[in-house]
Structures are given as C-alpha cells and as structure tokens.
Amino acid sequence: MVSRSAYSVVQVSEITAHILAHKGRYAVIVLPCIAKAFRNAQLVSKELRERVVVLAGLVCGQTKSINFSQYLSSVAGVWNFAAY
C-alpha cells in the first residue's frame, strides 16, 4: 500500500467563517504566509484564539527541499536525521 497526501484548496474566509459559526476545537494546516495572517486574525478575535488549538504550517516550495525540513527539525531538536 502506498501512502499519499492530498490537499484541498480552500479560501481562508471559508475556514474562518466555519470556525466562527461552529463551536469546537480546530486544527488548521496552512501555508506559512497564511499562518501569519491567521495569527493576526487571532489577535483581534477571541473566538479564533479559543477555537483554533493547533495552527500548523506546511513547508512552502520556494526553493526549499526535504533537506531544509530536515535541517529545521534537527536544529529544533525534534528529529535527528543524521542518524538515519
């Protein structure tokens, strides 16, 4: 079995409207530039701050490779890729 990722493009306004309209706790996965905008929105919206408990950013393509992700992980002490 092959594992694959699939991404759906959704407007940020749709995500925010859904979160504000439906109570609950949410994890939102976005590109880094959108994550920054989302954090700014959380500064002014108490509901967004309380409901979005995880905001994760994907590594954006812009000339970054898997090596860049591995480097960031090793610097953060999350994973030691050099051992593998």
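Helices here are DSSP runs of H or I with at least four residues, numbered from the N terminus. The structure on display is a predicted model.

**Helix α3.** Select residues 46-51, which make up helix α3, and show the side chains of Lys-46 and Glu-50, both in this helix. The two residues stand 4 apart, about one turn of the helix. An α-helix has 3.6 residues a turn, so residues three or four places apart point the same way. Between Lys-46 and Glu-50 there is a salt bridge, with 3.8 Å separating the closest N and O atoms. Glu-50 is partly exposed, at a relative accessible area of 48%.

**Helix α2.** Next, select residues 32-44, the 13 residues of helix α2. At 1.5 Å a residue, helix α2 should span 18 Å, and the 19 Å between its end C-alpha atoms agrees with this. Colour Ala-35, Phe-38 and Gln-42, the buried residues of α2. Viewed down the axis of α2, these buried residues fall within an arc of 60°, so they line one face of the helix. Their packing partners are α1 (12-21), β1 (26-30), α3 and β2 (52-57). Turn to the other side of α2 to find Cys-33, Lys-36, Leu-43 and Val-44 exposed.

**The nonpolar patch.** Finally, show the surface of Val-59, Phe-68, Tyr-71, Leu-72 and Val-75, which form a nonpolar patch. Together these residues have about 460 Å² of accessible area. Val-75 belongs to helix α4 (residues 66-76) and is exposed, with a relative accessible area of 57%.

Methods:
Residues are numbered from 1 along each chain as its sequence is written. This is a predicted model: local features need pLDDT of at least 70, side-chain atom pairs count only at pLDDT 80 or more; totals for chains, interfaces and linings use all residues. Side-chain values use heavy atoms; hydrogens and water are left out. A salt bridge is a side-chain nitrogen of Lys or Arg within 4 Å of a carboxyl oxygen of Asp or Glu. Buried means under 20% relative accessible area, exposed over 50%, partly exposed in between (1.4 Å probe, protein chains only). Patches are made of residues with over 30% relative accessible area and no salt bridge: like charges are joined within 9 Å, nonpolar side chains (Val, Leu, Ile, Met, Phe, Trp, Tyr) within 5 Å. Accessible areas come from the Shrake-Rupley method with a 1.4 Å probe; for residues, only the protein chains shown count as cover. The expected span of a helix is 1.5 Å times one less than its number of residues. The arc is that of the directions from the helix axis to the C-beta atoms. Contact means heavy atoms within 4.5 Å.
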